[in-house]
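Please walk through this structure with the model open alongside.

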Amino acid sequence: MARALSLSRPLALCRPLGLWGMATRSMSLEERAREVFAAAVGAVQPDRVVHRGLELSGNRLRVAGHTFELNHNLYLVGFGKAVLGMAAEAERIVGGHLVKGVISVPHGIQETLKHHRKGQMLLGADSRIKVFEGAKHNLPDENAQKAAERIHELASALTESDLLLVLISGGGSALLPAPVPPISLAEKQEVTRRLAAAGATIQELNTVRRALSLLKGGGLANCAHPAQVVSLILSDVIGDPLDMIASGPTVPGEVQQEQVWGVLERHGLSASLPASVREVLGRTGPEQTEGERQAEVGRVVNAVIGSNGIALECAGRCARELGLRPLVLSPGVCGDVSSVARLYGLLARFASAPGAPPASLAPQILRLGPEVGVASWDLCRAMQVLEEGRGDGWGTTCLLAGGEPTVQLTGKGKGGRNQELALRVGLELGGEHPLQGAVFLSGGTDGQDGPTEAAGAVTDGGLAEEARAQGLDPEDFLANNDSFSFFSRLSAGRRLLLPGLTGTNVMDVHALLLPVPPPAPLP
């Protein structure tokens, strides 16, 4: 059994202290929105999150509230898109205490980081960490499997006196393919492909993956037994569920064979499995006793050191410094971008209505909650804060949220969920009665929204009018899922969000800036 820790803290709503500088007061709301996004991304940079999570004092390493004695017994493994930067910082901190390490990172990442001048995310020339690049196009391949084999070998050779530091980030699952022999990588991929095609849920897919993998589903922690295992995790999954991030290699848990067979039978695959898969699923291992499970407590520690929630917390702090009132809605926004855009449009009209908001808005907002993964309690809290802030001198509110909405592909254009969301919110803020002053930003924290060079875009209620004046029809671009082309052509691309490669990924950040509404008209 593993202990799960999070290094995040709730963001308090505190009134800004004092007056802001002239530079801040002269910034437009769009400029402030961009600064808030930059702060969110900066807070979850791989080197920064590791620096916050690891502390060395002499021969003692403090990690996630635990202290470990180092005596030529520290080893490191890692896998994920952000792990190279995490490993570089970890090695800078522990220095010569590290015996050796192995990491599995995306194909071409070292050259890409060099090109983007991200030298702080690269290992030094005298590094004791071996780097394997693989999973081209984010798919498991032979190179990633070789890396997984080396990680398995290192972990399996550890003793009771050793400490294994595990670095995990999004994309780690594809970078750690280790099928249980005699299953081949191709056979395992085919089973999961057929399950996905049959409509299996992500939970069902993970149940089968765990059963067919040596390292996922707690397999890496098992291989490292009896060594102490400490994992530092940069989460790219809503809610930060440890068993879902990179398929939970350090999250021990027994896989019940009847559950696996149940999934396969439910989706019509049980009669057509490869012989190797049937052999593995036919094996029965000894069940762990309660005493053995209790003995595992403390041997594995999992700490989330970077997440969307942490990014939003730091974005809120930046918003406050910029003279805005931060209000975090949720780090778990999901569902179709059209529903998410509708929610933000309704919240903007709720906040911007002169006098009391129309009675019809609150029920509409609450009905959308389940569709977009936002709890009714969070929506009620947000509406209460927006109402209370009307006359208390706060000024502009910065409503913050994060997550990973989805896009229904109906066309063949070029874009991504953040740019499409920004375009749709811009139309929501416009319409027959455009909202004056409200600004919306949506950006991917990895710096890349879909197959484009942009992370997202910034928009407002004047978007539709601006587009029409330049001969552009937003609806035509939406129908073709061509949001990048739209924002590239609109005003020479000035609304695009272009931070470049960030080296991290904690999903998306949304910022909706809502100025103080005008006073209600006199009767």
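Helix H14 covers residues 337-352, and its 16 residues reach 22 Å from the first C-alpha to the last. That is close to the 22 Å expected at 1.5 Å a residue, where the expected span is 1.5 Å times one less than the number of residues. Helices (H or I, at least four residues) and strands (E, at least two) are DSSP runs, numbered from the N terminus. H14 is largely enclosed by the rest of the structure, because 13 of its 16 residues are buried. Here buried means under 20% relative accessible area, exposed over 50%, and partly exposed in between, with a 1.4 Å probe and protein chains only.

This is a predicted model, in which local features need pLDDT of at least 70 and side-chain atom pairs count only at pLDDT 80 or more, while totals for chains, interfaces and linings use all residues. Residues are numbered from 1 along each chain as its sequence is written, and side-chain values use heavy atoms, with hydrogens and water left out.

What does H14 lie across? The helix lies across S11, strand S12 (397-403), S13 and S16, and runs at about 25° to S16. The axes are lines fitted to C-alpha atoms, for helices over the stretch in contact (heavy atoms within 4.5 Å), and angles run from 0 to 180 degrees between N-to-C directions.

These strands belong to an open sheet of six, in the order S11-S12-S16-S13-S14-S15, with mixed pairing. Strand S11 (325-333) and strand S15 (496-497) stand at the edges, each with a single partner strand, so one side of each has no neighbour in the sheet. Two strands pair if DSSP finds at least two bridges between them. Strand S13 (residues 439-444) and strand S16 (residues 508-514) run antiparallel and are joined by six bridges. In this pairing, Gly-444 stands opposite Asp-508 in S16.

Turning to charged side chains, the structure holds 19 salt bridges, each a side-chain nitrogen of Lys or Arg within 4 Å of a carboxyl oxygen of Asp or Glu. One of them joins Arg-34 to Glu-30, with the closest N and O atoms 3.3 Å apart. Both residues lie in helix H2 (residues 29-43), four residues apart, about one turn of the helix. An α-helix has 3.6 residues a turn, so residues three or four places apart point the same way. Arg-34 is partly exposed at 24% relative accessible area, whereas Glu-30 is buried at 17%.

Helix H4 (residues 83-94) holds both Arg-92 and Glu-89, three residues apart. Their side chains meet in a salt bridge of 2.9 Å, N to O. Glu-89 counts as buried at 10% relative accessibility, and Arg-92 as partly exposed at 44%.

Another salt bridge links Glu-149 with Arg-150, their closest N and O atoms being 4.0 Å apart. Both partners are partly exposed, Glu-149 at 37% and Arg-150 at 34%. Elsewhere, salt bridges that share partners join Glu-30, Arg-34, Asp-460, Glu-466, Arg-494 and Arg-495 into one network.

Where is Glu-466 placed? Glu-466 is in helix H18 (residues 463-469) and is buried, with a relative accessible area of 16%. Leaving aside neighbours within four places in sequence, Glu-466 is in contact with Leu-490, Ser-491, Arg-494 and Arg-495. The side chains of Glu-466 and Ser-491 are joined by a polar contact of 2.4 Å. A polar contact is a pair of N or O atoms within 3.5 Å; within protein, one must be able to donate a hydrogen and the other to accept it, and residues adjacent in sequence count only if both atoms are side-chain atoms.
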